[in-house]
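This briefing goes through one chain of the structure and its contact with a neighbouring chain, topic by topic. Please keep the sequence and the coordinates at hand while reading.

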Amino acid sequence: MKALHPAQSPTLYGMSLVLVLVLVLPMIALITQGLGGDALRALSSPATLQALWLSLSTSALALLVVVVFGTPLSYLLSRSKARWVENLQTLVQLPVVLPPAVAGVALLSTFGQKGLLGPLLHAMELRIVFSTAAIVLTSVFVAGPLYVQGALNAFSSIDEELLLVARSMGAKSLRIFWQIALPLCRPALISASLLCAARALGEFGATLMFAGNLPGRTQTMPLLIYTAMESDFARARTLSLLLLLLSALLLALSFSLSRKWRVQP
Amino acid sequence: MTYTFDFAFVAQVGNLALDVDIQAQGQMLLLIGPNGSGKSSLLRTLLGLVPITSGHINVQGRCLADAATGLGLVTEQRRLGYVPQSYGLFPHLTVEQQLNFAVQCRSAERSVQRASVRNALEQWDLISLSRRYPRELSGGQRQRVALARALIGEPLALLLDEPLAAQDVQSKEQVREALHDHLLHITLPVIMVTHDPKDAKQWPEWVAVMDNGQLRSPRPVADVLADSSARSARSWGFLQEFVAQTR
Amino acid sequence: MPRRSLLFCVLCIVGLTSCEPAPPARLLVFAASSLSESMTSLGKTFEQQHAPVKVDVQFAGSQQLLAQVEQGARPDLFAAADLSFVSRLGKLGLVKESHVFAQNQLVLVVAKTSTLELHAIEDLPLARRIVVGAKEVPVGRYTAQLLEAADRQLGHDFLKRVQSQIVSYELNVKQVLGKVLLGEADAGFVYLSDAHGHEDQLRVIEPNAALRVVAQYPLLLMQPSAQPKLARSFMEFVLSPPGQQHFAAAGLTPPAVAAPTQQP
């Protein structure tokens with residue numbers, strides 16, 4: 001006997017198909033057109049390997065910074081019931097929706113020679129613009145909020161009863177954070193950090209403005225692709241495919257872990 | 001062995017008056033009342049989540065809160081054992097780890113901790129279950145773990161919030177019997193919140209009725225039955241129902 | 001809705017729309033970003049003289065515009081930042097004619113607030129942060145040309161020493177300028193027209209005659225075009241004295257006397 005569910009309306013299917021096509025076709029195009037004859041040479045050239053290493057290492061470092069400092073932040077935001085906390089939450093999420101150019105201008109206005117911290121950095125003989133550190137900083141700025149939001153959601157959904165019981169036993173805030181909250185939320189936190197890493201990997205616009213473009217020091221994969229586009233579109237396509245596959249991998253991992261997150265009590 | 005309860009509990013927002021002196025040893029107080037009468041709020045006030053605006057809370061001679069002097073201990077310092085409605089076992093810790101957690105919060109010495117945990121495991125017959133996770137335990141087993149964990153820190157009193165509400169119908173009776181047995185061996189004051197009359201059947205000693213945020217002094221069930229001056233029709237109806245089923 | 005009234009509505013709509021006047025002729029011009037001020041004002045003047053014609057100018061790096069043409073875009077005219085585009089577009093069979101309409105000299109700019117003693121190309125290794133264009137863009141290729149010539153002339157590993165001080169290969173000449181203006185770079189190579197208007201903030205160093213590199217800007221008349229006659233008058237306007245005014249105002253120099261196309 002066939003399943004008892006009514007068939008979904010063809011209209012709904014049709015409309016969904018439109019969006020699926022718009023989202024998926026460009027990626028299919030990349031895959032089919034990006035695997036040309038010169039693909040292997042493009043992928044193994046020193047410039048590519050350099051850019052790949054730079055992208056991976058700066059994203060990893062940015063992720064580390066975000067997780068170490070963002071986890072306590074998300075935890076505190078989730079525990080607090082004060083009104084101004086909601087405003088802080090909005091502020092902290094803002095960089096995600098900023099256009100890359102705005103983010104770039106904002107970072108320059110803060111850490112540049114003529115920026116807010118310019119004189120201080122100058123006095124400490126630190127120049128952030130055009131350095132590898134600038135890439136890490138940019139990634140923290142644009143991708144950090146993604147982690148904070150995910151972690152915040154995870155911490156907010158911990159059963160209040162558990163926390164109350166722990167407190168009644170005499171557990172102090174730090175112990176509860178470390179031994180109860182973190183372990184319970186671990187899958188969700190990992191999922192959020194993978195999302196953050198994927199975003200950091202793909203960061204381009206603000207990085208170009210703030211960190212510049214120097215092979216070996218600041219030329220990340222997206223920058224290499226953009227530069228390649230100026231002279232060799234086929235090469236750009238192949239490199240884009242590589243970045244697409246990397247990002248897809250991170251995203252898939254993130255989703256499968258977040259499914260595992262629905263933990264049994 | 002007496003309870004002195006002097007409740008004038010008015011659960012209005014920002015106006016919480018409570019006068020509680022809990023001295024009894026080994027006696028249990030049943031807190032009954034219809035849903036919404038404020039039983040959970042009372043527990044939360046005792047635990048320290050809600051500040052009182054007048055009155056005081058003393059447990060076994062220790063002052064937990066005093067509106068007159070402004071004293072109000074935080075939850076962590078009140079030393080009250082608490083078993084919430086669904087037992088509140090940490091899903092990611094084994095039975096032994098649950099007890100470890102509780103004991104680490106109180107004492108610092110490793111050897112003392114280990115001894116306490118070993119003792120508790122024996123006392124509550126949990127040794128064979130020490131490596132199991134809460135999801136692998138039956139309802140009755142979970143109850144044992146929750147009680148063991150609440151008591152391992154040597155609290156001043158034990159608070160139980162609807163301990164049998166989470167049980168499914170088949171095992172409820174069994175678990176109730178087991179709970180009765182466990183509580184017989186406890187010498188601490190115990191306050192149990194419930195709306196199930198069958199719980200009163202087991203412990204028909206001291207009953208306090210909560211009604212619209214008001215709490216009447218605890219007295220034996222017989223007295224409660226005889227009292228016809230119930231404050232609200234709803235409460236009286238509930239009480240009659242309750243008593244009828246308790247018989 | 002009864003069929004007859006529906007038919008009536010449809011006829012009205014068709015009638016009304018067919019009564020509208022034909023839309024104005026439009027010219028699509030692709031122009032290198034270093035021409036943004038000059039081409040915009042020239043386009044507006046042309047519109048006024050040939051109303052109601054509309055001139056749409058798209059500005060971007062010449063390389064980006066070429067990529068768009070390769071992917072199917074068909075502008076009526078293409079104003080590029082170097083001569084190599086003549087052959088690159090010619091190879092695609094899209095060029096009817098081309099003429100150099102302006103020149104732009106490559107210069108070194110230094111922020112006026114800088115304390116470095118940079119007064120000539122030879123002093124360049126003193127700068128600790130130099131920004132240049134990437135070789136994928138015209139300004140980058142010109143810069144490389146100049147630096148290589150300087151290396152031959154000055155010796156002493158000039159090129160190596162300069163390269164070790166380069167902190168970024170920007171993909172747009174405006175970005176190079178921007179970094180120097182912001183104080184992030186000590187020195188950068190831009191076109192004279194880019195430095196134009198920023199004399200209060202920048203010191204402009206023109207290389208000596210032996211090192212001088214001049215970008216030649218060709219205007220290409222493209223084919224096929226929807227408006228061949230109009231496109232031709234646009235080109236003629238660009239080459240005429242009143243048209244040339246716009247480029248001079250932006251700091252560009254007129255083409256060398258022996259006018260038309262030179263192959264790079």
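Predicted model: local features only at pLDDT ≥ 70, side-chain atom pairs only at ≥ 80, totals over all residues.

- Strand β7 of chain B, residues 80-83, runs parallel to strand β8 of chain B, residues 157-161, and the two are joined over four bridges.
- Strand β7 of chain B is covered on both faces, with B:Leu80 and B:Tyr82 buried on one side, while B:Gly81 and B:Val83 are buried on the other.

**Helix α1 of chain B**

- Helix α1 of chain B spans residues 39-47, and its buried residues are B:Lys39, B:Leu42, B:Leu43, B:Thr45, B:Leu46 and B:Leu47.
- In an α-helix, residues three or four places apart point the same way, because there are 3.6 residues a turn.
- Just after helix α1 of chain B comes B:Gly48, which takes a positive phi of about 105°.

**Chain B as a whole**

- Eight helices and twelve strands make up the secondary structure of chain B.
- Of the 247 residues in chain B, 51% are buried, and the accessible surface of the chain comes to about 11400 Å², with 47% of that surface belonging to carbon and sulfur atoms.
- When contacts in chain B between residues at least 6 apart in sequence are considered, 66% of them join residues at least 24 apart.

**The interface with chain A**

- The area buried between chain B and chain A is about 2000 Å², and carbon and sulfur atoms give 66% of this area.
- B:Glu76, B:His92 and B:Phe101 together supply 28% of the area that chain B buries against chain A, which is more than any other three residues supply.
- The contact draws 21 residues from chain B and 17 residues from chain A.
- How many salt bridges are counted between chain B and chain A? The count is one, and in this salt bridge the side chain of B:Glu76 meets that of A:Arg167 at 3.2 Å, N to O.
- Six residue pairs are in polar contact between chain B and chain A, with both residues of each pair at pLDDT 80 or more.
- On the side of chain B that touches chain A, the elements that give two or more residues are β7 and α2 (95-104) of chain B, and the largest share, three residues, comes from α2 of chain B.

Note on methods:
Residues numbered from 1 in each chain as written. Chains lettered and ligands numbered in written order. Heavy atoms only, no water. Buried < 20%, exposed > 50% of the residue type's maximum accessible area, 1.4 Å probe, protein only. Pairing = 2+ DSSP bridges. Contact = heavy atoms within 4.5 Å. Areas by Shrake-Rupley, 256 points an atom, 1.4 Å probe, with all protein chains shown as cover. Buried area = accessible area lost by both parts, 1.4 Å probe. Salt bridge = Lys/Arg side-chain N within 4 Å of Asp/Glu carboxyl O. Polar contact = N/O pair within 3.5 Å; in protein donor to acceptor, adjacent residues only side chain to side chain.
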